[in-house]
Amino acid sequence: MKAVTVKNLNFTYPGARGPALRQVDFSLSEGQFAVLCGPSGCGKSTLLRHIKPALQPVGTRSGEIFIGDRPLSALSAREGCARIGFVGQSPENQLVTDKVWHELAFGLESLGMETPAIRSRVAETAGFFGMQGWFEKDVHRLSGGQKQLLNLASVMVMEPQVLLLDEPVSQLDPIAAGEFLAAVARLNREMGVTVLMTEHRLEEVWPYIGQLLVMEKGIVRLCCAPEEAGVRLRREQSRLFWAMPTPMRIWAGVPGGGEKCPGSLGEGRSWLSRYLSGHPAPVFAPPPDREPAPGKPVLEADNVWFRYEREGEDVLRGASLRAYAGQLLAVMGGNGTGKSTLLSLLTGENRPLRGKIRRNGQPLSRAGGAVGLLPQNPQTLFTGKTLWEDWEEVLPPSLPKEEREARLREMLRRCGLWELRGRHPYDLSGGEQQRAALGKVLLLRPRVLLLDEPTKGMDAAVKQRFGLLLQQEKQRGVCLLMVSHDVEFCARWADRCALFFRGEVVSENTPHAFFAANRYYTTMACRMTEGILPGVITVEEAVMACGGEPEDLGDGSPDDFGDNPPEDLGGNLPDAPPPDGLAPAPPEGEVHSKKQSERKKVPRGTILSMGMVLGLIPLTILYGLFGLGNEKPLFISLLILLEATLPFFLRFEGRKPKARELVLLAVLCALGVAGRCAFSMLPQCKPLAALVILSGACFGGETGFLTGAVSMLLSNMLFGQGPWTPWQMAAMGLLGFLAGVLCRSGLLPCRKWPLSVFGFLAVVGLYGGMMNLSSLLLSHLPVTLGSFLAFEMAGIGMDVVHGVSTFLFLFFLCRPMADKMERLKTKYGLFAGAA
């Protein structure tokens with residue numbers, strides 16, 4: 001029986017020029033272990049997320065997906081969570097609780113299981129994965145490998161039938177990656193779980209693969225046995241063959257290697273021994289290692305000690321190393337050994353407790369020269385709406401326009417990102433984001449470049465280009481220090497390699513001496529040729545040692561990858577239309593595009609809600625004044641609360657909001673409460689009204705009302721509840737509702753100046769007027785025209801202050817906040833049916 005079936009699946013992201021998935025067809029049998037490979041950005045993660053209902057991207061979709069014999073769309077939300085498990089790339093992003101056992105129980109609690117059943121499943125799962133020793137540990141104290149294993153266990157505790165893994169070992173060291181893959185293979189072998197995994201490095205996972213899917217440009221080109229896929233890709237001379245395991249690539253590069261290709265390490269060693277017995281290998285001399293140039297080190301750490309907490313454990317324990325100009329020093333080691341911490345000290349982000357950090361022979365406080373850092377998470381560097389804008393902001397404003405464009409064009413060419421220059425950096429694949437972050441750092445032309453796991457998410461072709469890019473920087477005399485788990489990349493491109501363990505460097509040497517001396521932290525080529533071809537550490541060296549020609553990976557030029565910038569654009573690059581069909585950046589101060597600013601019809605339900613609020617609330621106030629003689633102000637406040645909130649809450653619940661929408665609404669309310677608290681020392685100078693107006697303008701009147709009403713209710717738990725709370729909820733909610741209705745109808749342009757002026761007038765007139773009226777009604781004084789005007793005049797000063805502060809908040813926060821909100825709305829399809 002088929003566990004997963006995909007039929008003619010097509011998908012296009014909003015605003016994209018072409019489809020991300022094209023006529024995808026494949027099926028997986030129950031209990032099968034399948035791996036999906038392909039270049040960065042070819043659609044692997046997009047395909048995986050389509051099989052997990054809660055993670056499906058927003059866009060235009062056609063085709064069918066079946067889980068078993070049921071359409072994916074027929075599964076309930078509970079079934080989609082329980083039957084289909086998903087583990088992503090980052091060990092950190094999937095953890096939601098503070099303790100290991102809390103994390104294991106979280107999914108079961110969300111499914112509504114009884115406590116005894118939860119305890120039983122958690123205990124069984126922890127025993128299966130060998131987690132008894134760290135069952136009660138804090139999650140933040142786990143190593144990277146343990147965190148990813150915990151992610152896997154927290155998914156498997158719900159007993160899914162299908163397990164989706166999106167490059168799960170890309171951020172793990174080789175030993176932790178092997179342990180994780182062994183756990184997945186055991187689940188597949190002993191529990192019959194169907195596994196579909198995306199992966200660039202196939203060496204470790206190759207023995208477990210039952211079916212290999214090869215993807216390119218959104219199309220699944222091959223779906224067959226792994227050995228057959230390798231033979232067919234080699235026959236076609238496809239660049240996708242570079243992703244195949246080391247034994248297969250060596251076999252392909254050797255003349256007369258035979259018909260049957262080896263895939264695993266054991267098969268590779270057996271094949272190599274048989275081949276050399278009939279084909280004597282020529283005398284092979286490994287290329288000479290590059291020794292450091294004479295001179296003083298550019299970066300120097302001398303007996304450095306460091307800990308994050310005063311009473312905590314030492315993270316660095318006497319670490320010492322030196323890096324020179326024009327040299328790449330690669331630092332390897334297990335997760336949690338202190339490698340990234342060392343980078344934070346070398347940049348000056350943290351200061352050592354003991355020892356010295358020097359740059360160019362001087363303490364960091366007096367050292368000169370630009371230092372560039374490529375962090376482990378490249379998204380921390382992105383701030384622009386497009387890749388072009390994001391890179392342009394780091395260039396000096398004093399540069400002439402022609403030179404700015406020339407630098408950007410050249411860097412896009414070097415990084416192979418020309419075709420993606422109009423895309424949002426967050427919409428790029430993992431490997432593309434790594435290149436985008438590196439290009440942004442290189443635009444600063446640093447003399448020292450620190451790289452933290454730079455090759456994660458990169459395919460073999462992109463690694464070749466990346467290595468050549470680093471080679472060019474070395475030729476410019478840049479000092480390069482790289483922290484990496486990618487031993488194959490380090491063996492080929494590094495000048496020196498160091499092993500980090502328990503906070504210190506335990507060994508350092510040239511690549512050949514370093515990897516030849518190691519048994520675990522070494523390359524697959526070194527393991528395959530150990531005792532057979534001494535001195536070999538890379539695929540290219542193994543092929544040459546057998547008398548073959550190494551594969552041509554290209555010189556990294558744009559022509560090799562088909563993304564060379566057109567020569568006829570000249571100096572008009574910013575005016576060129578983005579290649580993916582996205583609209584250009586809006587003019588200064590404009591929030592929405594022209595299409596978003598067009599007049600739209602306000603839904604009938606919204607008109608009804610507005611009529612109830614604007615009609616019933618005045619009638620209720622009149623009834624309290626003349627029908628009850630202003631003797632029941634608390635009762636009238638309760639009626640106003642119900643009349644103002646119920647229509648919106650019922651309409652919001654009636655359209656069954658998505659979980660993503662509820663999360664975003666909660667975040668907006670939290671921001672509102674935090675903003676009101678942060679400015680509590682300044683009377684009436686609060687950003688809450690500005691946030692509520694922006695929420696209504698971007699997400700609709702209902703969302704604006706709920707943001708204002710709920711934020712007021714929650715913040716008054718800190719500032720004090722009372723009969724004024726319903727009035728505040730109604731008044732603040734109406735600000736957001738009115739902004740949403742006017743923006744949707746086109747009467748209020750969604751730009752900085754109009755929104756700022758609207759904010760001032762609405763806060764003074766609507767919010768201030770309602771709150772001054774509530775003060776009169778709650779005072780039990782006779783309600784006359786004179787008393788009404790007296791209360792209005794008494795409050796007008798503070799209302800103006802509130803209005804001016806709202807104007808300023810909207811003026812300065814309108815564009816960045818609205819840009820983020822619009823992006824969330826478009827990318828995740830949020831509040832599509834809201835008013």
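Across the whole structure, a search finds 14 aromatic pairs. Rings of Phe, Tyr and Trp (its six-membered ring) pair if their centres lie within 6.5 Å, and planes under 30 degrees apart count as stacked, over 60 as edge-to-face and the rest as tilted. Phe 306 is buried at 5% relative accessible area, whereas Tyr 308 is exposed at 53%; buried denotes under 20% relative accessible area, exposed over 50%, and partly exposed the range in between (1.4 Å probe, protein chains only). Ring pairs also join Trp 753, Phe 807, Phe 811 and Phe 812 into a cluster.

The model is predicted: local features need pLDDT of at least 70, side-chain atom pairs count only at pLDDT 80 or more, and totals for chains, interfaces and linings use all residues. Residues are numbered from 1 along each chain as its sequence is written, and side-chain values use heavy atoms, with hydrogens and water left out.

| Charged residue | Ring | Distance from ring centre |
|---|---|---|
| Arg 186 | Phe 128 | 3.9 Å |
| Arg 421 | Trp 418 | 4.2 Å |

Helices (H or I, at least four residues) and strands (E, at least two) are DSSP runs, numbered from the N terminus. Helix α22 covers residues 633–654, 22 residues in total, and spans 31 Å from its first C-alpha to its last, close to the expected 32 Å; the expected span is 1.5 Å times one less than the number of residues. At Thr 645, α22 bends by about 35 degrees, with Pro 647 following within four residues. This bend is the angle between axes fitted to the seven residues ending there and the seven starting there. Both Thr 645 and Pro 647 belong to the buried residues of α22, which also include Ile 640, Phe 648 and Phe 652. After α22 comes Lys 656, with a positive phi near 55 degrees.

Positive phi values also occur in two glutamates. Glu 159, in the loop between α5 (144–156) and β7 (162–166), has a phi of about 60 degrees and is partly exposed at 47% relative accessible area. Glu 167 lies in the loop between β7 and α6 (174–191); its phi is near 45 degrees, and Glu 167 is buried at 5%.

How values were computed:
A charge sits over a ring if NZ of Lys or CZ of Arg is within 6 Å of the ring centre and within 35 degrees of the ring normal.
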